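Open the model in your viewer and keep the selection tool ready. Each stop below says what to select and what is there.

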Amino acid sequence: MELLRSPAAMRDWSDGRRMLGERIGLVPTMGYLHAGHLSLVRVARDRGCAAVVASIFVNPAQFGPGEDFGKYPRDEERDLAMLAEGGTSAVYMPGVGDMYPDGYQTYVEVTGVSQGLCGAARPGHFRGVATVVAKLFLAARPHVAVFGEKDYQQLAVIRAMTRDLDFGVEIAGAPIVREADGLAMSSRNAYLQGDDRTAARCLSRGLSRAEERFAGGERDAETLVAAARKEVEAEPRASLDYAEGRDPRTLSPLSGRVGAITILLAAKVGPARLIDNRTLENAGKSHSQGGTRAC
Ligand code: AMP
């Protein structure tokens, strides 16, 4: 597994792989890896990528003032061991100074889908995400890039940017990997101790309540969202940021009777801000953002 520490090294590696005729898969991460991240590496391989590069970069541009940039968990040694074990060909680990040298002044802004949800709660967050992913695309020049549905709005933002800027990269969405008790895996789960860890289950429990109502025939958007919201609001250690029902593809707000809906939740539990979502749709139909689409 090759370690690449600068954009130039990343570009050289990518050029070499392209010269060999290999398909390149990119898996962007902020490190402190878990099974959810490794599932993305497998998706890249399943999409026919002989060369898979994972990036590890805690991107300061996507953290707001007072957010957890300084204390975001890091463990480079363990991450590299996991990626090697998971069959990754290379790891791109640029420093902050490589990505944002003095005088840096260029940002990518996706408008529509960046608004609302986490975009409202975290001003500037998706501008930082779009900027760093654009830079990763230009350095790694992947054929396929894989993102988790865990960050559902982020996936929609990346799809829009890739399409609008003609990157010519296939974006693959990967399903959410969960702990045994339903909690969506996240590097930020490391912040959860004791009762907070137990309380964090309220998000996935809320989504399951909504799913049960949907399976029982309920199709009213507000009622489905209310079923999810209720579980989070009933948990004293959780403070709800938002509970919303959106169109699975466009992320437009929904109301009234729906055929398919993505319910998105965000809540603070102890020191951690957690997000989760689930797409409810009639059996046999797939409206979520999973799978690969050329953008
Ligand atoms: P992060 O390191 O949190 O920035 O996440 C890097 C990538 O892994 C993003 O595309 C996330 O959506 C994805 N990811 C994070 N957690 C999960 C999970 N539990 N299941 C699937 N993908 C995930």
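Predicted model: local features only at pLDDT ≥ 70, side-chain atom pairs only at ≥ 80, totals over all residues.

**Stop 1**

Select Arg205, Arg209, Glu212 and Glu231 together. These four residues are linked in a network of salt bridges. Arg205 and Arg209 belong to helix H9, and Glu231 to helix H10; these three also take part in the contact between the two helices.

**Stop 2: the helix pair**

Now select residues 201–215 for H9 and residues 221–233 for H10. How are two packed helices described? By the angle between their axes and the distance between the axes. Here the angle is about 150 degrees, and the axes are 7 Å apart. Angles over 145 degrees count as roughly antiparallel, and H9 and H10 are therefore roughly antiparallel to each other. Their crossing is right-handed.

Show the side chains of the contact. From H9, pick Cys202, Leu203, Arg205, Gly206, Leu207, Arg209, Ala210, Arg213 and Phe214. Colour them by type: nine are nonpolar, two polar and four charged.

**Stop 3**

Asp181 lies in the loop between strand E6 (170–174) and helix H8 (194–199), while Arg201 is in H9. The partners are 20 residues apart, and the pair links distant parts of the chain. Buried or exposed, or in between? Asp181 has a relative accessible area of 29% and is partly exposed. Arg201, at 34%, also counts as partly exposed.

**Stop 4**

How many salt bridges does the structure hold? The total is 20. Side chains of opposite charge can pair when their charged atoms come close.

Select Asp15 and Arg141. Their side chains meet in a salt bridge, at 2.5 Å from N to O. Asp15 is in helix H1, and Arg141 is in the loop between helix H6 (125–140) and strand E5 (144–148). This pair is 126 residues apart and links distant parts of the chain. Asp15 is partly exposed at 33% relative accessible area, and Arg141 is partly exposed at 34%.

Next, select Arg5 and Glu76. They form a salt bridge, the closest N and O atoms being 3.1 Å apart. Arg5 sits in the loop between strand E1 (2–4) and helix H1 (7–19). Glu76 is in helix H3 (residues 76–85), 71 residues from Arg5. Arg5 is partly exposed, with 41% relative accessible area. Glu76 counts as partly exposed at 42%.

**Stop 5**

Most residues other than glycine have a negative phi.

Select Tyr32. Tyr32 lies in the loop between strand E2 (24–29) and helix H2 (35–46). At 26% relative accessibility, Tyr32 counts as partly exposed.

Finish with Leu251. Leu251 is in the loop between strand E7 (238–246) and strand E8 (260–269). Is this residue buried or exposed? Buried means under 20% relative accessible area. Leu251 has 4%, so it is buried.

Conventions: Residues numbered from 1 in each chain as written. Heavy atoms only, no water. Axes fitted to C-alpha atoms, helices over the stretch in contact; angles between N-to-C directions. Helix = DSSP H or I, 4+ residues; strand = E, 2+ residues; numbered from the N terminus. Parallel < 35°, antiparallel > 145°, perpendicular 65-115°, else oblique. Left-handed = near helix turned anticlockwise from the far one by under 90°. Contact = heavy atoms within 4.5 Å. Nonpolar A, V, L, I, M, F, W, Y, C, P; charged D, E, K, R; others polar. Buried < 20%, exposed > 50% of the residue type's maximum accessible area, 1.4 Å probe, protein only.
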